[in-house]
Amino acid sequence: MQWRVFKRLLAASASWKKLWMGGCAILLLATAMDVLGPYLIKHFIDDYLSHGRYLDSGSVQLFVFYVASLLIGSLAHYGAPLVFSRIALQVVEKLRKDVFHSVLSRPVSYFDKSATGALVSRLSNDTEAIKELFLNVIANFITNVVLVTGIFIMMAVLDFRLMLVCLALMPLVVGAMVMYQRLSTPMFQRVRALLSDINAQLHESLNGMPIIQLLNQQKRFNERFRGTVQEHFRWRVKNVKLDGLMLRALIDMFSMATLASIVYFFGNQSLQDAVEIGVLYAFISYLGRFVEPLIELTQRLNIMQQSLVAGQRVFELLDTEPERYDGVGQIKEGRITLRNVNFSYNGETQVLQDVSLDIPAGGMLGVVGRTGSGKSTLMQLLIRFYPVKQGEILIDDQPLNAISAASLRQDVCLVEQEPFLFQGSLADNLRLDRNYSEQEMIDALTKAGLQSMLQRLPQGLATPLGERGGRLSNGERHLVALARALLRKPKVLILDEATATVDSESEARVQQAVNRLHGEVTLIVIAHRLSTIRHADKIIVLHHGKLVEEGDHRQLMALEGLYQHLYSIQTAHLLAD
Amino acid sequence: MKIFWELRGFFLRNWPPYLAAVIMLTLVALLLMLPPHLIGTLVDRIAQQTLDADYLMMTVGELLGLAVLIYIFRVLWRIFLFGASHKLAAETRQDLYRHWTTMSPQYFRKHTTGDLMAHATNDVEALQMTAGEGILATFDGLLTGVIVLAVMMITLSWDLTLVALLPWPIMAIFMYQFGRSLHTGFSDAQASFGALTELSQEAISGIRTIKAYGQEEAMARQFAETAETATQAYMKVAATDAKYEPTIVLTIGASFLSAVTYGGWLIHQQTLTLGELTSFTMYLGYLIWPMFAFGWMLNIAERGSAAYDRINRLLAEAPQIPDTGELTSLSDTSLQVAIDEFHYPDQDPVAGDAEQNTVSLQAALRDIHFHLAAGKTLGITGPTGSGKTTLIKLLLRQYALPPGSVAWGGESVERYQQAAFRAHIAYVPQEPFLFSTTVQENLSLGRPEASREEVENAAGLAALHEDIELFQNGYETVVGERGVTLSGGQKQRLALSRALLIEAPVLILDDALSAVDTGTENRILQHLKEARRDTTTIIVSHRLSALRHADKILVLDQGHIREQGNHSELVAQAGWYSQIYELQQIEQDLDRLQPQDRVVQQE
């Protein structure tokens, strides 16, 4: 399974095949230059120094070769990691874009169920872990394997038998690596689990500190935390011991034992025939370069596991089908018809039951009902946030699903109770992805009753609004969202009136804006203050998901039903305030 | 560097492992000087053809022996040194945690959980690095460097040493510069990653708006741009990072080249032997680590020092509510309150919220004077933001007040020992906090030793027992973050059961049943009235039906008492209370109304 993820990640980088090949070519060059150095010095020792020669054309040539190999080698050493980094970063960039796309094309219901933090983590931390895999595991692995191979080749060229002696080291090192992996993985996971336990306890305790203190449980929680910390410490020390026994120290010991073997074989040989001392010199140099890559290989394998888990999570997200609407219908007038609409979020509780209604283009509908009566759901169905399975919603006599996304998003605008504003300037928030002139934006703000706010803002339209529009008051945020909708000149405008948090001044402004729009566009207003919809062409009252009363203000008051009840509560509230 | 001095207390307390580590490190450094010497001598014997089998075997034996010995010492210093450094990490974590359990809510308003968490993770890690790797780099780097240099200069050739080391200072300068540009590059890269995270966060939080306005494509474009910026920023880091390797290759290569060139000349002049040159180049290889160690150490020490300062600053903060009282028990549970004025201390204005600013200048409470006899029930109500919860917090001594402002059992709160005082009060907050563990453990949080029967009893009083029985694992069901999420009403009732279990003589409910339906609320209140007759009870509620039986009701408005009296008195006064009461009666009637009773359609 992890292997599948790994293969898929590698496949994701296949589009950069040329870079991969280029990188490997440069790497080969760098390694060749690396292993050439000791070989040249060997020649100098054996062919010149040992024969009492020092300076002649031959030794100068060796000198020049050495310097050239150094220069070429360092250039190649500069190039290779750059190429590998580029591959890693581009793979991750592409993955990030794909994941983001895939997340945004999920249906709204998906976000009801998923935690924001987890999704953000998929996009940021998990993709980052994949980058580590490419950069620190794969690239590193290739580099080190190439280097070790290069060293062996040079050793074979120098003295095949001595190379075999060194090769005998490999099974030991590989054995140690495998054993280390096997022993350290559970330990490593244990330490990580304990650390996340420590953090979870900390997080929870910091949030629940008042209750811990009120119940006088500080001592017990201190003990519990101490226990986890101590346990973590114990495992950490175990880990340290294993690292100490198995990693650098052990491989260093192997390498020194190999040195002893080389000395032994070389010395023995010298007892029988003439030997070239330079060979010993070169072998010692090569052996010195051997240790670091092997240790790195062992340590990097731990990163790999985490990266693969991250990769799996990312792929799960990528593999889910996105929500698609391919309709081509256009909204021309804005007539809305609902026929026997039933809706349930979870398939159990009916949130809307058999709702039918008809709004002519340019008409104004007021929607009234207590919290939980299904008002907001009705509105969300109208903008196709959730698919309607029973009944029908038609706009201009076309089923909602047959309308193109572009037309629906352009012609039906929604102003939510607590609208979301993006980080950016006022103009950015009004414009979004379209181009509107400054005058158009100012007009929209004026229509929403925000001209005085605009004058107050230090940089006018260019004023940054802060995170989620934090610089504005609740009421102002609502009105900015209204202006944003008005700017688009929609055929249908759905307004979910802001509740308690809006001051009476903003309330009056919304009221005025609604009055002005009446007759121009199809208006659906979910009213919390019934005064806003007094003049609506039609008012519906929802109760427990059913449409229970329908008519204009006067008719409904005459009915002395729910509407009249709600109305009297509100007037009484106003008195109380 | 000063960080090592600042941590001296820890080093002194843990001197045995540190001393052992230092001794082992020294031994390793000294033993490492032998192999080059052995091999050099051997090379000379081979060259002069004076080598015999015995000498060869001896050298090989010595090398193998050294390999084992060095391995042992290396393993040991690692265990001593890193073991000790992890101990520092563990100690610091515990210190921080203990410290935080003494801090009052005011402190947690000032420091966000995220900030505090960062100290307990990143800063502790930096500190641990200093006490482990930092010590290693400083001590071992210096020691090895000095020993190797001394051996090279004294036993081999001082002029060869100087020549061979000629390229090194140049490298040091380059490395220093790379380090600096790497540092800035890194902060840029991190900032770009932060921007990426932030944008993801914004896109997901604002997904409804994005969908409503068809902004998916625009958002994806913006994200793509941010992702590309991040790639570029990381590419810059990679570009700097890639300079290290060639610099090292060049320097070491040049160093070896000078050693062999000049050494060759010396051999040619017959003032140096081939064996000595071999030893020399081996020593030269040993110098690479100390040079890296120095740069590494500076980096670690700098980070460690900053982390240590931050941790110390945190630990130095004294609790805002000092626990200096002596009284250990309340003589009775009568309550006397005399608050002239209360402001929230050092309240930072919330960013961008102009309203908040002006509000915080106003007193949160003023002129609150009342008395509640032991065993009686007090009701508190009023509009949102009128100061109800603030008053409760002061009754619980979560903020400091002038002596005598709040007196329980005739004694001002600060005269009691904190723990003893708290043991007398069971408090149920507005927002119940549940730990991510079982129902049972959450319920018995204040009395872990309580029997199952007592626990079930408390749950029964809060009308929660039947609900728990229906859970999959009953009382062993895991709640909170990871487990089954309880409904808002169940959470509140669980918090109430938890408070009831400690059987304190005072019970405070701060709007603690707001998510429980009226019927259940009445049932619970009835239970409480029967079972806890002698308990002094304070109930904060928006729902006036909950206060009907209170002996005294305070109506708060903008921080002062607007109306007070018992239920019938307040209804008779025809003020805020009576109006709200009437409205709530209508609303209750409405709630009972079923749609089928009243489906009326009229065109």
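**Entry 1: the open sheet of chain A**

I started with the open sheet of chain A, where six strands follow the order β6-β7-β8-β3-β9-β10 with mixed pairing. Strands here are DSSP runs of E with at least two residues, helices are runs of H or I with at least four residues, and both are numbered from the N terminus. I take two strands as paired if DSSP finds at least two bridges between them. A note to myself on the source: this is a predicted model, in which local features need pLDDT of at least 70 and side-chain atom pairs count only at pLDDT 80 or more, while totals for chains, interfaces and linings use all residues. Residues are numbered from 1 along each chain as its sequence is written, and chains are lettered from A and ligands numbered from 1 in the order in which they are written.

Which strands stand at the edges of this sheet? I found β6 (412-415) and β10 (546-551) of chain A there, each with a single partner strand, so one side of each is left without a neighbour in the sheet. With direction ignored, neighbouring strands are turned by 20° against each other on average.

Next I checked one pair: β3 (residues 364-369) and β9 (residues 538-543) of chain A run parallel over five bridges. Leu365(A) has Lys538(A) of β9(A) opposite.

Then I looked at what lies across the strands. Helix α11 (residues 375-382) of chain A covers β3, β6, β7 (492-496), β8 (522-526) and β9 of chain A, and runs at about 150° to β7(A). For such angles, axes are lines fitted to C-alpha atoms, for helices over the stretch in contact, and the angles run from 0 to 180 degrees between N-to-C directions.

**Entry 2: domains and a helix pair in chain A**

I looked up the domains of chain A and got domain 1 (2-319) and domain 2 (336-576); such bounds come from an automatic or database domain assignment. Taken over C-alpha atoms, the centres of these two domains of chain A are 58 Å apart.

How do α7 and α9 of chain A pack? Helix α7 (residues 169-214) and helix α9 (residues 248-272) of chain A make an angle of about 170°, and their axes are 11 Å apart. They are therefore roughly antiparallel to each other (under 35 degrees counts as roughly parallel, over 145 as roughly antiparallel, 65 to 115 as roughly perpendicular and the rest as oblique).

On the α7(A) side I listed Leu169(A), Leu172(A), Val173(A) and Ala176(A), which meet Leu250(A), Ile251(A), Phe254(A) and Thr258(A) in α9(A). Contact means that C-beta atoms, placed from the backbone, lie within 7 Å. The classes are nonpolar for Ala, Val, Leu, Ile, Met, Phe, Trp, Tyr, Cys and Pro, charged for Asp, Glu, Lys and Arg, and polar for the others, Gly among them.

**Entry 3: where the chains meet**

How many residues does the contact take from each chain? I found 119 residues from chain A and 119 residues from chain B. On the side of chain A that touches chain B, helix α3 (residues 57-104) of chain A gives the largest share, 19 residues. That side of chain A has 65 nonpolar, 36 polar and 18 charged residues.

**Entry 4: chain B**

I turned to helix α7 (residues 113-156) and helix α12 (residues 274-286) of chain B, whose axes come within 10 Å and cross at roughly 165°. These two are therefore roughly antiparallel. The crossing of α7(B) and α12(B) is left-handed (the near helix is turned anticlockwise from the far one by less than a right angle; clockwise would be right-handed).

For the domains of chain B I noted domain 1 (330-424 + 506-592) and domain 2 (430-503). Between them, 14 residues of domain 1 are in contact with 11 residues of domain 2 of chain B. On the domain 1 side, α21(B) gives the most, with six residues.

Last, I followed strand β9 (residues 552-557) of chain B. With β3 (residues 377-381) of chain B it pairs in the parallel sense over four bridges, and Ile380(B) stands opposite Leu554(B). With β10 (residues 560-565) of chain B, β9(B) pairs antiparallel over five bridges. β9(B) and β10(B) form a hairpin with two residues between them, and Gln558(B) in the turn has a positive phi of about 50°.

Definitions and conventions. Contact = placed C-beta atoms within 7 Å.
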